[in-house]
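Biologist: I would like to go through this model term by term. Please show it first.

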Amino acid sequence: MRRASPAGWSASSGGAAYWWLLSPGLLWMALLFFLPLCVVAVMSFAGRGTYGGIIWSFSLTNYFDLLHPLYVRILGQSMLLATATTLLCLMLGFPLAYYIARAAPGRQQVLLLLVMIPFWTNFLVRTYAWIFILRTEGLLNTLLIKLGVIATPIELLYSNTAVVIGLVYGYLPFMVLPLYVSLERVDRTIVEASWDLYATRWAVFRHIILPFAKPGVLAGCLLVFIPSLGAFLTPDLLGGARSMMIGNLIQHEFLVARDWPLGAAISCVLMCVVAGMMGWSLRAAESLSRQEHDS
Amino acid sequence: MLEQPASIDIVSLVKRHGATLAVDHVSLAVKRGEFFSLLGPSGAGKTSVLRMIAGFEIPDEGTIRIDGRSMEAVPPNRRPVNLVFQSYALFPHLTVAENVGFGPKMQGVSRLEIASRIRAALDMVKLSSKEERLPFQLSGGEQQRVALARALVNRPAVLLLDEPLSALDQQLRQEMQVELKSIQERAACTFVCVTHHQEEALTMSDRVAVMHQGRVLQIGRPQDLYETPASAFVARFIGVSNELRGVVHRIQGERAVIRSPGLTGEIQINLSNIHVREGSAVTVMLRPERLRLSGETSGRNGEQSLDGSIEKVLYSGSDRRYLVRLGEGVVWNVRVPNDESGRVGLVQGDAVHVRWQTSDAVVLEE
């Protein structure tokens, strides 16, 4: 007879109940994630028919087409904007997360709620709001002219700057939350102890707070970088013709140019880039922590 | 001989937390090389005093001098003191050696010098074999030693200890009391220790300041506090004390006769240390181990005696404690050493005489 212990639920036991409980999730992932992914991967090697149809064949033409300078520039620009967004989120999010982690427990809950409140409103609506703020006769320009800071309105909307502003705004909570979780674990007495042991404020940050924050920094950066890289809505609404990102390119190929195989190939490249970055950053984090230990 | 400045000189220190006075005009001087304890119940303000010496709290009034130098506006990282935290506050991501080497590293000591200092500090606390461990791999007692080494490695003018032994179990605690004292002597360093544990304070300290509600009630050597407490609070807080409230009935030369409402008999007290008049209210205090129980009515010369009956016998191995009822609402604690095997002792209900040397009584005027 099997014991009714928690160990009875382990994968190795392979009981019927185990698979029954797992099956809805597995089915969901298989049908709605893995299968479409396979379709996209196969499609990326297919050819395009004259009227937008798909000719199921096998060639690397789509991938060679992607080497065109125009596509390389868009991929490079996407990486640049996503990197800028991530760094800005880190710079803005770190002090904020630290402040929340150091606040009194009751206040922490309120502050975390405030960080998450924007999610209550539709992202599309919030992005439209940025158009009203950034456009030539918008809130920001009007205010700056009234204050006499500038004489003529500055062109903010439909630029890379606007895209980064929109992305930073949208993804800042994804940086703040993991940072908060890691910084919240820093015991106040440990900070005091390092201060007592002659550490300057910078040294406290460098030797005590930063090592604790590292997993949060890594998680936050991934959570911001990955969706930023594939962003579609924000560059579509706030970016100009020159601010096209890879997400817009995919949308364009699928819906406007009706070249599904090329769109699929771009999707696959984006996926590989993201997977590569994740693998690289995970390895970097590992070796970083090992180095820390050896020194 | 040249007069050396005190290691720590605190004058009229005040700290307010909102409307309450956490530290109420505390003044004290700690001598160089002394083991000094701040003793008191929780909320007495002793930790506040310690944190102000370390620089983590800013005094509202008063001054702190360390080795003659004023600590006003000096941040913790530039004070010549190191604190051993109650929770140890070891850096969890650093090894034992890195923890101990943190202070010297921050001060810019050379690598070679740091290595030899780490070794010396770990030797001093007998933890040389655990250099490469991480804090979570150590026992509570070992973590305590790392915390000590991490502070001592900096050769501070004063080492501050916040409830250093409170996280240890009873056995280890008693071992560490002895150990801490000998480390202090080896390091030839001034120790200031905060504790609420009176036995700990008495065992380790050269001098103790008893604190209560933000004020220092008495400063003295352990034996002074125990033998001649300046107040009922000190007497009660340090050791067990039997009390008798009474009124001076009459004065006979060097002695006064005391009567107490709950008692039938009367006792005499010495008047050498106290000035009372007839009718003064006094509290007479006696330590349990200074009392004797006997069946004989007449005592020896210079002894006082009260009649009572045994209410309870508590056997604790090394001695027996008898709770003796002397009268209405007066129950005394008498400790009799278990120094004779096979002795039956007294049992509940026995009528006894409680005796003591007149000079052993501490008398406080109310």
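Modeller: What follows is a set of questions on the terms used for this predicted model.

Biologist: How do you know that the length of helix α4 of chain A fits a helix?

Modeller: Residues 105–116 of chain A make 12 residues. At 1.5 Å a residue they should span 16 Å. The end C-alpha atoms are 17 Å apart, which agrees.

Biologist: Why is α4(A) said to lie largely in the open?

Modeller: A buried residue needs 20 or more other C-beta atoms within 10 Å of its own. Of the 12 residues of α4(A), the number buried is 0, so the helix lies largely in the open.

Biologist: How many residues of chain B are in contact with chain A?

Modeller: Contact needs C-beta atoms within 7 Å. By that test, 15 residues of chain B meet 15 residues of chain A. On the chain B side, β6 (81–84) and α2 (96–106) each supply at least two residues. The largest share, 3 residues, comes from α2(B).

Biologist: What makes up that side of chain B by residue class: nonpolar, polar or charged?

Modeller: There are 9 nonpolar and 6 polar residues, and no charged ones.

Biologist: What share of chain B is buried?

Modeller: Of its 366 residues, 39% are buried. Chain B has 8 helices and 20 strands. Its C-alpha trace spans about 75 × 50 × 45 Å along the principal axes.

Biologist: Why are β15 and β18 of chain B called edge strands?

Modeller: Start with the order, β15-β19-β16-β17-β18 in chain B, an open sheet with antiparallel pairing. β15 (292–294) and β18 (330–337) each pair on one side only, so they are the edges. Neighbouring strands of this sheet are turned by 45° on average, direction ignored.

Biologist: How do you know that β16 and β17 of chain B pair?

Modeller: Pairing needs at least two bridges. Strands β16 (residues 303–315) and β17 (residues 319–327) of chain B have 6, so they pair, and they run antiparallel. One of the residues involved is Val313(B), whose bridge partner in β17(B) is Tyr322(B).

Biologist: What makes Ile53(B) stand out in the largest nonpolar core?

Modeller: That core has 145 residues. Ile53(B) is among those with the most contacts inside it, along with Ala149(B), Leu160(B) and Val192(B). Leaving out residues up to four places away in sequence, Ile53(B) touches Ile8(B), Ile64(B), Val81(B), Leu160(B) and Val192(B).

Biologist: Which helix gives the most to this core?

Modeller: Helix α7 (residues 160–184) of chain A does, with 15 residues.

Notes:
Residues are numbered from 1 along each chain as its sequence is written. Chains are lettered from A and ligands numbered from 1 in the order in which they are written. This is a predicted model: local features need pLDDT of at least 70, side-chain atom pairs count only at pLDDT 80 or more; totals for chains, interfaces and linings use all residues. Helices (H or I, at least four residues) and strands (E, at least two) are DSSP runs, numbered from the N terminus. The expected span of a helix is 1.5 Å times one less than its number of residues. Two residues are in contact if their C-beta atoms, placed from the backbone, lie within 7 Å. Ala, Val, Leu, Ile, Met, Phe, Trp, Tyr, Cys and Pro count as nonpolar, Asp, Glu, Lys and Arg as charged, and the others, Gly among them, as polar. Axes are lines fitted to C-alpha atoms, for helices over the stretch in contact, and angles run from 0 to 180 degrees between N-to-C directions. A nonpolar core is a set of buried Ala, Val, Leu, Ile, Met, Phe, Trp, Tyr and Cys residues joined through C-beta atoms within 7 Å.
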